Amino acid sequence: MKRFFGILLVVLLTVGQLTGCGPTEAVNEKDPSAQTDALTSIYNGELERNVTLRILENDTAIEQGYFKQLIDAFNEKYKDYGIVAVDANMDQRSNLADDGPYGYGPDVLYQANDSIMKYVEGKHIYPIPAESLEHYSQIPEHAWDAYKSEVDGKAYYMGVPVNVQTSMLFYRKDMLPKDWETNWDKNKNKVPDMVENWNDLYKYSKSIVESGTGKYGYMRSLYDVYFSSGFLFSYGGYIFGNQNTNPEEVGLSAGNAEVGANVLLQLASVMNEESIDDSITVNGYSKIADGTYFAMMTTPDVYSLFIKELTLEYEKKGMGTESAKALAEENLVVTGLPLLPASGDLTEENPELIPLKAMGGINGYAISAYTKAPNASLAFVEFATSYEMIMKRQELLGSIPAHSDAAKATGGVSEIVFNNLSEGNIVVMPSITEMVQVWSPAETFFTDLAKDAFRTSDKKYTSLEELKNGLKVVDQQIYDAIHTLSN
Amino acid sequence: MNMFTRKIGKNVIASICLMGLGQLMYGQIGKGLLYLAILACGVLYAALRGFSDLAGFFTLGTKEKDAWFGIEGDNSVVMLLMGILFIAAIMLFISLYLSNIRDAYETQILVEKGGKPRTFLEDVKKLLDEKFYKTALFLPVIGVSIFSILPIVFMIAVAFTNYGGNIVPPKLVDWVGFKNFIQIATLSKFAPTFGKILNWNLLWAVSSTFLNYFAGLGLALLLNKKCVRGTIIWRAFPILAYAIPGFITLLGFRFMFSYGGPINQIIMDMGYRAIGFLDIDAKWMARLIGLLVNAWITVPSIMLLATGILTNVDVDQLEAAKIDGAKRWKQFTKIVFPFVLFSTTPVIIGQFIGNFNNFGIFFFLRGGLYMDGYFLASDTDLLINWLYNLSINNNYYNIGAAISLVIFLITSMISLLVYVKSPSYKEEDIYR
């Protein structure tokens, strides 16, 4: 009996597996030439009636009450059609490709561009008739490009940009030298030089470290690719070829990227060993608050964490909550990133300055291909990305709009970031799935680079050539990770 | 009993031709109808979807879904799963068919001996009495088949497909034979890294198993001493370490050994430079820390196990050895240790396999690094971590399944070898 079952199992499995049977080429019933445009196939312009739209929103938007205001306003506008938008009640990072085919996914989702665009390959999201949207022209081309993809030989926009996420410089105004207006403001523009360019920030950091008080100037965990890669981009490096769409070409070592790596190496020399691992990422908020660090680079969404820590610090010194918070808000300044020296030499006096191209992301709305109501979903996306809702989102969440009218109306940091985006100084994170293979090789390089600043006799990176070779190894690792096992 | 040595009666032949017919001819209406119902269900399942599931198992789909143009297509992964289910159902059906023939034959023998065919009620009573093991094991066997065997068979099948990377549903998956294994074996970049990682993996598995086992046993022996006071409290401390989820402990240790962690803060306060316990240059230091942290997590369970086993050590034998002049070390090596080793060999093998495949320890302590001289791995990565970097990180389920099979072969061979050579296998009757 056992032998019989054994033979039966072996026969059934081996027939299929060992011969590799089955069609080598799937019969594809689609004939692209006979297809109509996908947009006309999906959207007929008639709103579906009496439908419920499940919306996947960002957790902060739900917690801060923005999402409720959004769906209430939408539901009021479309009540005559019986369209009701509700919270999809799912994890904000849930994977549509896993849930959608089985009917569990949302109808509309709000995620970062790299998350949304990974759904394009399997057509898990619908393209969007972007050019027919009222606010199309308010969104810069760089933002739209993050959602552009070619499918079946045609270019489509797969989402609508809402916010920009990128790095900013956070610093303590009260830790500026008392004489900054006379000695640290060469161009007399009432902005301290050390937050305007990296050479002065380096010089100021060095002076703080050399004072022997145990304090530091600029601090950042350098392993973090999101914040460190911008230094490579600024001197000609890039992630993938053809504007981050071609994984056949990896270019972190391209141009003079090694000069950017050398800038990081110089910055590490005015930090301590905590720049090697994630220590500064973890304790940066409290160290800025207690005055150990003068400045660090991070994303604007953590502003409230800095304020919370600084308020607590002031409260410890005997201040009341309100006055402590007010003082914290006054002393913590968020500004654009300092300019880099074109030469890459942070010790150069009066250098020619170039902008730092920081890595960023564009969050936006997309429509699931598993929705039963594509027209109503499109109406929701159009409503949620209208000027009024973008302004409300900015007001409640402090997010930076990717729409020119809203950014201009908001002013301040929003306008700075938006201008950086328009001018191409924000390198939007690649929207192709191969991006997942970039992190570990690049993280290893930046960790090694930071470590090198603290090695004594066995330094690895003593010349620009060695830095270039190090970056070439990273490029090769990324290429291998992507292509070695690809089918 | 061999059914071919006797003459087969017409009722048995009837059961061979039609499931349950023989039973009906013996007047066993309930059982006959039950068998007929099983046959009807089987035929219905096969006709309605079984055969198409089987065809789908071989083709893995022929039409690709396109949501944009409303084209419904095949889901290769579901087809693979349903195909495996149908094959399992066929096997179940065949075994039921054979049981039907055997039952008819047993009834024939009973009748030939002058007995009467059992009624349905008598059969049920038998299942609750002398054949109770069948009743008791029925649900667990079904559970093990669905939750344990089916996923393994699915994983084995995936190793022979191109499922992964860019080929995930709605794209159609195909069978590729041994291509994945050939790819792993022939990639020139793989071999040096595989060798290095395998060597470290074996060293890690042996040393961590050895350390955990003897530290646990040592702790149990220590707390078993009558002179130790407050043993309950002392035993509770390691259990607390054991009770905290492993990954929380690992993240805690990662922080403790980081540059900004408390250990480096103490070192710096003493006027020394911070030490990179787990950083990019800390190959052996990180390996040692991994070994100790793993011991911190695992030793309590071994201690508890050894404490239980030590209560069964023959005290008279120890007393006799003492009278004969055996020193404590001799008593331990000749009486206590062989007894504990005999009882715990399967546990040691389990520990060895668990340590060999210990994914979390270096993933949480020192993940995210690719070292020079390694292909997409670091010098502390174990095979399971490398497998993650190569496959899961990249969604190459097929390669992941193929490497899993290779790891399975390695660990099963080592485990089998150790078990066969162990006293637990060789001297099974000694302690009975």
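Visitor: What share of the contacts in chain B with a separation of 6 or more is accounted for by residues 24 or more positions apart?

Guide: First the idea: two residues are in contact if their C-beta atoms, placed from the backbone, lie within 7 Å. In chain B, 65% of the contacts with a separation of 6 or more come from residues 24 or more positions apart. In chain A, 72% of the contacts between residues at least 6 apart in sequence join residues at least 24 apart. Keep in mind that this is a predicted model: local features need pLDDT of at least 70, side-chain atom pairs count only at pLDDT 80 or more, and totals for chains, interfaces and linings use all residues. Residues are numbered from 1 along each chain as its sequence is written, while chains are lettered from A and ligands numbered from 1 in the order in which they are written.

Visitor: How many helices and strands are there in chain B?

Guide: Helices (H or I, at least four residues) and strands (E, at least two) are DSSP runs, numbered from the N terminus. Chain B has 18 helices and 0 strands. Its radius of gyration, taken over C-alpha atoms, is 30 Å, well over the 22 Å that the globule rule gives for 432 residues, so chain B is more spread out than a compact globule. That rule is 2.2 Å times the number of residues to the power 0.38. The C-alpha trace of chain B spans about 95 × 80 × 35 Å along its principal axes.

Visitor: And what is the secondary structure of chain A?

Guide: Chain A comes to 21 helices and 17 strands. Strands of a sheet pair through backbone hydrogen bonds, either parallel or antiparallel. Here, two strands pair if DSSP finds at least two bridges between them. In chain A, 4 strands form an open sheet with mixed pairing, in the order 9-11-8-12. Strand 9 (216-219) and strand 12 (332-335) are the edge strands, each pairing on one side only. From one strand to the next the twist averages 15°; axes are lines fitted to C-alpha atoms, for helices over the stretch in contact, and angles run from 0 to 180 degrees between N-to-C directions.

Visitor: Which way do strand 8 and strand 11 of chain A run, parallel or antiparallel?

Guide: Antiparallel, with 4 bridges joining strand 8 (residues 168-172) to strand 11 (residues 293-298). A:Met168 has A:Thr298 as its bridge partner in strand 11. Helix 9 (residues 198-210) of chain A lies across strand 9 and strand 11, running at about 135° to strand 9.

Visitor: Why does A:Gly336 count as buried?

Guide: A residue is buried if 20 or more other C-beta atoms, placed from the backbone, lie within 10 Å of its own, exposed if 12 or fewer, and partly exposed in between. A:Gly336 counts as buried because it has 21 C-beta neighbours inside 10 Å. You'll find A:Gly336 in the loop between strand 12 and strand 13 (340-341) of chain A. Leaving aside neighbours within four places in sequence, A:Gly336 is in contact with A:Met168, A:Leu169, A:Ile416 and A:Asn420.

Visitor: Where are the domains of chain A?

Guide: Domain bounds come from an automatic or database domain assignment. In chain A, domain 1 is 45-158 + 360-423 and domain 2 is 166-357 + 434-483. Their centres, taken over C-alpha atoms, are 32 Å apart. The contact takes 8 residues from domain 1 and 7 residues from domain 2. Helix 19 (residues 412-422) gives the most to the domain 1 side, with 4 residues.
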